[in-house]
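Please examine the sequence and the three-dimensional structure shown below before reading the report.

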Amino acid sequence: MAIELNGAGFTYPDGSRAVSGVSLRIADGERVAVVGQNGAGKTTTVKLMNGLLKPTGGEVRVDGVSTAERTTAQIARTVGYVFQNPDDQLFAADVRSEIEYLPRYLRWDDAKREERVDRAIELTGIGAHLEANPKDLPAAIRKFVAIAAVLVSECRYVILDEPTAGLDQRGLSLLTAMLDRLEAEGIAVVTITHDMRFVVDVFPRVVAMADGGVIADGPLPTVFCDDDVLSRSRIRRLEVAQIARDLGLGDAAVSVEDVVALIP
Ligand SMILES: Nc1ncnc2c1ncn2[C@@H]1O[C@H](COP(=O)(O)OP(=O)(O)OP(=O)(O)O)[C@@H](O)[C@H]1O
Ligand SMILES: [Mg+2]
């Protein structure tokens, strides 16, 4: 079971070619970070993964089936997508209705609905805000409401577009704990982020994009230590990696622990 992009491309109706020739495989339970500068094609690529966009070139398969043969609503049951901006996603007048929308739409019975809703609320820590209008909540909590509205589904792949934007340390800890729980349940997580600390802490695999294509895909230390990839995706070398290099410890360190282990 996997999401597979085979030479996938997408050109917007106005003629902007956002991505082309992208080949990627996201396996069950994997954690993958997608990085790259503004306009690199990250959001377009993940929208291809959940069928919000259908490729205009190549193909995208979810668990073996081409997204061209499924409706976006069908694909969304397997691949959940949390929007970059929660305001593009949230529409209900209160948090509880937002989270119950999908279970009601799918006509789940009460027991299943309650179980899934309670789990989503617990995973995202939004229990204190169920009666609030999402519009009245701080951006960070709105983000978790948007995540809960996706996690209530039975999706086995979750895509988070810039989840750490606007989160404080507490929000970040909550998010990291949530990702651990998802991993334990075998749910794959693909995250777009500009937050390199978050990548180092949480994602063993990194896909770097530039100019609508994938320029690197591999284990985090490999991608983050490649100067050419870093400069093409406009990522600053991690401070700790720079220190390791300055100390003559080579290019493989991405954490303080790595540096300590390398010191002779
Ligand atoms: N709705 C759209 N119509 C036309 N062009 C678009 C549209 N959305 C994105 N693009 C273009 O496609 C390219 C890739 O955009 P995309 O949003 O996928 O990049 P991104 O890597 O997610 O950027 P960011 O880091 O700013 O979110 C950009 O050149 C962008 O201008
Ligand atoms: Mg984007």
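Predicted model: local features only at pLDDT ≥ 70, side-chain atom pairs only at ≥ 80, totals over all residues.

Residues are numbered from 1 along each chain as its sequence is written, and chains are lettered from A and ligands numbered from 1 in the order in which they are written.

**Domains**

The protein is divided into domain 1 (1-78 + 155-219) and domain 2 (89-154); such bounds come from an automatic or database domain assignment. The centres of the two domains, taken over C-alpha atoms, are separated by 22 Å. Domain 1 gives 11 residues to the contact and domain 2 gives 9 residues, where two residues are in contact if their C-beta atoms, placed from the backbone, lie within 7 Å. On the side of domain 1 that touches domain 2, the largest share, 4 residues, comes from helix α6 (residues 169-184). Helices (H or I, at least four residues) and strands (E, at least two) are DSSP runs, numbered from the N terminus. By class, this side of domain 1 has 6 nonpolar, 2 polar and 3 charged residues. In this scheme Ala, Val, Leu, Ile, Met, Phe, Trp, Tyr, Cys and Pro count as nonpolar, Asp, Glu, Lys and Arg as charged, and the others, Gly among them, as polar.

**The ligand shell**

Among the residues that surround ligand 1 are Y12, D14, N38, K42, T43 and T44; a residue is near a molecule if its C-beta atom, placed from the backbone, lies within 6 Å of it. Helix α1 (residues 42-49) supplies the largest share of this shell, 3 residues. The shell has 3 nonpolar, 7 polar and 2 charged residues.

Why is strand β8 largely enclosed by the rest of the structure? The reason is that 5 of the 5 residues of β8 (residues 188-192) are buried. A residue is buried if 20 or more other C-beta atoms lie within 10 Å of its own, exposed if 12 or fewer, and partly exposed in between, with C-beta atoms placed from the backbone. A188, V190 and I192 point one way from β8, whereas V189 and T191 point the other way.

Strands of a sheet pair through backbone hydrogen bonds, either parallel or antiparallel. Two strands pair if DSSP finds at least two bridges between them.

| Pair of strands | Bridges | Direction |
|---|---|---|
| β3 (residues 31-35) and β8 | 4 bridges | parallel |
| β7 (residues 157-161) and β8 | 5 bridges | parallel |
| β4 (residues 57-62) and β5 | 2 bridges | antiparallel |

In β8, I192 is the bridge partner of V34, and V189 is the bridge partner of V158.

**The open sheet**

An open sheet is formed by 4 strands in the order β2-β1-β4-β5, with antiparallel pairing. Its edge strands, β2 (17-27) and β5 (65-66), each pair on one side only. R61 has S66 as its bridge partner in β5.

**Loop residues**

D88 lies in the loop between β6 (79-82) and α3 (95-105), and D88 counts as exposed because it has 10 C-beta neighbours inside 10 Å. E162, in the loop between β7 and α6, has a positive phi near 55 degrees although it is a residue other than glycine. E162 is partly exposed, with 18 other C-beta atoms within 10 Å. D211, in the loop between β9 (205-210) and β10 (213-219), is not a glycine and has a positive phi of about 50 degrees.
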